[in-house]
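Please have the sequence and the model at hand while reading.

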Amino acid sequence: MAGDRAHQDLIDPFGRHIKDLRISITDRCNFRCTYCMPEDGLEWLDRSQVMSFEEMEHLARIFVERYGVQGIRLTGGEPTVRAHLPALVRKLAKLEHSGGPIDLSMTTNGATLRSMAPRLRKAGLKRVNISLDTLDREKFHRMTRRDELDNVLDGIAAAQEAGFRPVKINAVIERGVNDDEIVDLAEFGRERNVEVRFIEFMPLDADGHWVNDTVVGQDEMVEMINAVYPIEVMPARGAAPADRFRYLDRDPSEPGGKIGIIPTVTKPFCGDCDRVRLTSDGDFRTCLFATKEFDLLTALRAGETDDQIAARIEAAVATKWAGHKINQVSFTRPTKSMSQIGG
Ligand code: SAM
Ligand code: SF4
């Protein structure tokens, strides 16, 4: 069995072992979040340009079986708008690295989870992160340009009922937009027993309104939450992007007993980064902010062997840079925005 084979480490020039693959399974989305997409959407890829489930499975298998990648996260665009998603989950859930089955997870806006969560769970999806940036219906409508707050809240409950654990909430905080709700969102996590992960706003919004002042940094978020619900930092995050903090009055083994903060801008975690990405059109990226992509889908469709594709992957990983330069004048925004890259 492939899972029994010893794998070869995929290591970048800075000694980081690649263990995590994010696959954007579609560039399309049913929301239009202001920090991500323009109101009219983007120019969608033609369906023929997007990887089929078989192509995703083929490339994912190389990462898992050859290189021991342990985790795959499905993202997008909005992964749940891709037809027959449970069929893809079933294919990927069967993949095994040398240590056992992969950790298969998904990031979603949650709007359709009431109907989809049980099927996804049954198909082998292990974890879900659901985006929720505000608890106010009007503001939700403004931020996502969709009046879907109730469906998302119901989707969160549906994910819990379907047995996903922990359910995590992703909340992007933008100054002047939803920074007044940081404590409310923390409270929501405590009450609903979900782990809220606050994300610093990144310069990957399609309409380019990001400026440094719109970022609410980790220290500021910690101070606001700590003033109401005392928290303390938990042991080092390793390769995980979130710094975690536990509530002093709660059990940190419970999802609602802690929060995470993803401080991409104010405290970059590039030194521990173990992740790589595949866009929905099969381009391989070694950083969210990378300006160069490596086209694996064309190679696959041209009939290249797994060894040839693996050589492309290794050549790409050899270019993984030490870290992004958001805080330096030399920073260049990638031409693709978050939904096109797969956040
Ligand atoms: N549509 C799904 C969702 O919204 O959860 C998955 C794709 S979305 C691009 C993945 C994550 O990126 C979401 O948690 C979203 O909030 C986050 N995101 C999008 N644009 C962002 C930005 N400019 N800065 C920080 N996070 C962003
Ligand atoms: Fe869609 Fe997710 Fe981007 Fe919002 S953040 S527009 S839900 S891809």
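In this predicted model, 12 strands form an open sheet with mixed pairing, in the order S9-S10-S11-S8-S7-S6-S5-S2-S1-S12-S13-S14. Strand S9 (231–233) and strand S14 (294–295) stand at the edges with a single partner strand each, so one side of either strand is left without a neighbour in the sheet.

Within that order, the stretch that runs from S8 through S7 and S6 to S5 can be followed pair by pair. Strand S5 (residues 103–108) and S6 run parallel and are joined by four bridges, and the partner of Met 106 in S6 is Val 128. Strand S6 (residues 127–131) in turn pairs with S7 in the parallel sense, over four bridges, with Asn 170 in S7 as the bridge partner of Ser 131.

| Strand pair | Sense | Bridges |
|---|---|---|
| S5 and S6 | parallel | four bridges |
| S6 and S7 | parallel | four bridges |

How many residues of strand S7 are buried? Seven of the seven residues in S7 (residues 167–173) are buried, so this strand is largely enclosed by the rest of the structure. The burial holds for both faces of S7: Val 167, Ile 169, Ala 171 and Ile 173 are buried on one side, and Lys 168, Asn 170 and Val 172 are buried on the other.

Helix H5 (residues 149–161) lies across S6 and S7 and runs at about 165° to S6, while helix H6 (residues 182–192) belongs, together with S7 and S8, to a right-handed β-α-β unit.

A further helix, H1 (residues 53–66), has 14 residues and reaches 19 Å from its first C-alpha to its last, which is close to the 20 Å expected at 1.5 Å a residue. Of the 14 residues of H1, 10 are buried, so this helix too is largely enclosed by the rest of the structure. After H1 comes Gly 68, which has a positive phi near 70°.

Terms used:
Residues are numbered from 1 along each chain as its sequence is written. Chains are lettered from A and ligands numbered from 1 in the order in which they are written. This is a predicted model: local features need pLDDT of at least 70, side-chain atom pairs count only at pLDDT 80 or more; totals for chains, interfaces and linings use all residues. Side-chain values use heavy atoms; hydrogens and water are left out. Buried means under 20% relative accessible area, exposed over 50%, partly exposed in between (1.4 Å probe, protein chains only). Helices (H or I, at least four residues) and strands (E, at least two) are DSSP runs, numbered from the N terminus. Two strands pair if DSSP finds at least two bridges between them. A crossover is right-handed if, with the strands pointing away from the viewer, the path from the first strand over the helix to the second runs clockwise. Contact means heavy atoms within 4.5 Å. Axes are lines fitted to C-alpha atoms, for helices over the stretch in contact, and angles run from 0 to 180 degrees between N-to-C directions. The expected span of a helix is 1.5 Å times one less than its number of residues.
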